[in-house]
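Please look over the sequence and the structure shown here.

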Amino acid sequence: MGPGTRKAEGPGMSLERCPACRSRLADEPLCPRCGCDLTLVRRADSQSRRLLGQALQAWADGDKQQAQDLIQAGLQLKHEPLAAAVLQALKAA
Ligand SMILES: [Zn+2]
């Protein structure tokens, strides 16, 4: 799966509305209503998800410090509630 791969999984994770005007979106790179460039938003989205996956892998490998660093990097790109929850669990573990 590359950064530009279209994926159907992840309920609620896909970008369905323009962050600027809340217009409903298909797969266009630009919002048809306001012209907002969605490629950067989508890139941050997939990047933050990839970082979360790497963090979980690091955690599984027993490297909690690395896992926290990866999650925090992901959270800077995008505030993902799932990532924030994992970070809390990590700190409590
Ligand atoms: Zn828009």
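The sections below take up the overall fold, the pairing of helices and one further helix.

## Overall fold

The model described here is predicted. The protein chain contains three helices and zero strands, and its pattern along the sequence is α-α-α.

Of the 93 residues in the protein chain, 15% are buried. Among contacts between residues at least 6 apart in sequence, 28% join residues at least 24 apart.

## Helix 1 and helix 2

Helix 1 spans residues 39-60 and helix 2 spans residues 64-77. Their axes lie 8 Å apart, and the two helices pack at an angle of about 170°. Because angles over 145 degrees count as roughly antiparallel, helix 1 is roughly antiparallel to helix 2.

On the side of helix 1, the residues making the contact include Ala44, Leu51, Leu52, Ala55 and Trp59. Helix 2 contributes residues including Lys64, Leu70, Ile71, Gly74 and Leu77. The residues of this contact divide into eleven nonpolar, five polar and one charged.

## Helix 3

Helix 3 covers residues 81-92, twelve residues in number. From its first C-alpha to its last, helix 3 reaches 17 Å, close to the 16 Å expected at 1.5 Å a residue.

The buried residues of helix 3 are Ala83, Val86 and Leu87. Seen down the axis of helix 3, these buried residues fall within an arc of 105°, so they line one face of the helix. They pack against helix 1 and helix 2. The face turned away from the buried side of helix 3 carries the exposed residues Pro81, Ala85, Gln88, Ala89 and Ala92.

Methods:
Residues numbered from 1 in each chain as written. Predicted model: local features only at pLDDT ≥ 70, side-chain atom pairs only at ≥ 80, totals over all residues. Axes fitted to C-alpha atoms, helices over the stretch in contact; angles between N-to-C directions. Helix = DSSP H or I, 4+ residues; strand = E, 2+ residues; numbered from the N terminus. Parallel < 35°, antiparallel > 145°, perpendicular 65-115°, else oblique. Contact = placed C-beta atoms within 7 Å. Nonpolar A, V, L, I, M, F, W, Y, C, P; charged D, E, K, R; others polar. Expected span 1.5 Å × (residues − 1). Buried ≥ 20, exposed ≤ 12 C-beta atoms within 10 Å, placed from the backbone. Arc of directions from axis to C-beta.
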